[in-house]
Amino acid sequence: MKNKRRVINLIFLVVSILLILSFFALLLSFEVKISDKEIFEIIDEKRQDTIVCTYYSGSIPFGVMVMQGFSSDQISIKSIVMEFNLQGFHVLTFDYSGHGRSSGFIDFNNTATDIQAQQIQQVKEVFKSLAGLNDSQIVLIGQSYGARIALQEQTFDSLAVAGLILIGAQINLDVENKVDVFTGVFDLELDWIINLGTNNPKTNITILTGIWDDVLPPKGALLLYEKLINDSYSSVGSYYMGTNNLSRELILFERVFHNYEIYSSKIIQTAIERAANFFGLDLEEVNYISVTKWRNISWLMIIIGFYTFFISSSSLLNNRKLENQKPRDSFNFEIQKANKFFLAKTITFFLSIPIMILISMLFLVLGMDLPLLAISYTGLFFGLGITELLFYWKGKMIGIKGEWQIDTIFKKPNKIDFKNLGLILSFFLVILIFISFFTHTGLWFFFPIRKIPWLVILTPFSSIGFYISIKQLKMISKDKEKFFINLLGFMGIILSLILIVIILAFVFGFIGIIIGIFEISMILGFIVLFGILLNKISRNDFLTAFILAFLLLWLVLPQSVVFRNPLY
């Protein structure tokens with residue numbers, strides 16, 4: 001039976017490796033198609049921030065600027081970039097201040113987008129020079145936050161572009177939607193939004209949004225459309241052409257939610273068709289052959305491949321001799337009553353929240369501009385680790401029996417196992433390099449060099465929570481080596497992530513909760529599975545915890561917008 005199980009695991013292991021490599025090769029083949037690009041920097045005229053831009057050279061005398069959503073970077077919109085560039089369009093993207101690889105910060109009233117709108121105008125001038133275009137040969141495309149600033153830019157820019165394509169625009173005209181309470185800006189009170197109409201901005205506009213979008217839900221999209229036509233949808237319909245020959249159009253898409261809009265082949269194809277109309281191109285000239293669907297499939301297959309690889313590898317290592325070669329652990333506990341143990345972990349989780357707040361306040365007092373999302377993760381993990389460490393040390397963790405000679409943690413090991421250390425670091429390096437290339441294909445966010453100091457600062461704090469989880473994982477696995485039971489050791493981290501999602505849901509709505517849970521579950525699942533596998537071969541729990549914390553922050557920090565410290 002054991003041999004049969006081993007053979008099955010070997011088959012899954014081989015299949016997972018083939019799955020990862022083959023679909024990653026397919027993704028790279030798409031990347032090669034848009035390799036004619038130039039990455040450059042400009043200096044923001046007002047704030048002196050360094051703005052990182054990417055220009056993709058085209059073959060026809062038309063171009064698009066694509067603006068991503070809040071907390072995203074220009075890598076995340078690569079599906080749109082790729083489809084337009086493959087049609088011959090010149091394309092330009094850039095990271096706003098405080099986002100991605102650009103320097104600077106944003107204020108807490110993040111929907112006050114004057115600075116970002118002015119950056120579009122400045123970058124557009126560079127784009128025109130690089131591509132040899134004028135404003136009438138350019139279309140601005142934005143999603144969510146990017147749609148908002150694209151629309152705002154055209155309200156004050158005297159040089160109108162050929163058109164705007166607004167995908168799930170982050171503009172709230174619905175008095176029943178209280179999202180403004182959290183953003184600090186009330187859209188119905190902003191002059192540039194109040195003055196929107198049939199002649200402002202003086203360009204063609206198409207609004208694209210998903211039925212399941214809860215940032216610009218159908219009701220919000222309808223209100224924005226009616227604002228732009230100065231009339232009701234019922235009397236005009238979904239398309240309006242004014243006496244000034246400026247069009248306004250609203251298109252809704254079934255079964256598309258906000259976060260998926262930049263990956264939707266239906267929306268991207270519609271965007272290409274509308275851009276062609278704005279430029280007066282014959283639709284037959286737009287030979288749309290979607291690579292977006294294949295990119296989506298490739299990402300899914302690679303994720304499945306990684307999950308399968310970690311699970312099958314862990315199963316193969318269950319009976320290895322290395323387990324018996326590990327040094328004796330002073331963390332000697334056994335679970336007596338699982339329900340009480342769960343209760344204890346829940347209590348320690350809630351006790352860790354004040355510590356998270358104190359950590360955040362510490363960085364504020366030190367005068368640092370803050371990547372708040374990453375600090376939230378770190379504060380919760382650090383608080384969770386410290387709280388549970390104290391509970392174990394003082395014998396207050398209910399539902400278990402045993403002891404922990406905590407002083408042995410700080411004793412210098414008699415001998416360093418360099419062979420095991422080299423194995424762990426090599427394995428980690430391979431995973432890290434692959435993740436870096438994988439995220440660069442556009443599914444996630446690329447790690448910016450400028451956030452390395454935060455990676456160095458936050459990793460030791462976060463690793464404490466992982467260290468305790470690893471100890472608990474070993475405790476839980478003493479009697480049963482079943483995969484799902486191993487996850488119990490990470491229960492505190494799971495609760496931490498769920499709390500973050502719930503907080504964000506107040507801003508992004510119910511569907512935002514579901515998508516947020518899914519995205520964080522993907523990250524958490526990857527980290528947990530990698531941690532379980534790493535724990536099978538590592539003889540140093542400190543090193544394992546540090547690697548897991550490092551990897552988590554490597555994935556989280558790129559999404560963490562840098563906010564200006566409100567105390568300075």
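Helix α2 (residues 78-86) is largely enclosed by the rest of the structure, because eight of its nine residues are buried. Buried means under 20% relative accessible area, exposed over 50%, and partly exposed in between (1.4 Å probe, protein chains only). The model is predicted: local features need pLDDT of at least 70, side-chain atom pairs count only at pLDDT 80 or more, and totals for chains, interfaces and linings use all residues. Residues are numbered from 1 along each chain as its sequence is written, and side-chain values use heavy atoms, leaving out hydrogens and water.

**Helix α2**
- The buried residues in α2 are Lys78, Ser79, Ile80, Val81, Met82, Glu83, Phe84 and Asn85.
- Helices (H or I, at least four residues) and strands (E, at least two) are DSSP runs, numbered from the N terminus.

**Salt bridges**
- The whole structure holds eleven salt bridges (a side-chain nitrogen of Lys or Arg within 4 Å of a carboxyl oxygen of Asp or Glu).
- Glutamate 31 pairs with arginine 295 at 3.6 Å, N to O.
- Glutamate 31 is in helix α1 (residues 2-33) and arginine 295 in helix α10 (residues 292-316), so the pair ties together parts 264 residues apart in sequence.
- Glutamate 31 is buried at 13% relative accessibility, and arginine 295 is buried at 0%.
- Glutamate 273 and arginine 274 form a salt bridge at 3.8 Å, N to O.
- Glutamate 273 is partly exposed at 27%, whereas arginine 274 is buried at 17%.

- Shared partners link Lys124, Glu125, Lys128, Asp135 and Asp157 into one salt-bridge network.
- Within the salt bridge of aspartate 157 and lysine 124, the closest N and O atoms are 2.9 Å apart.
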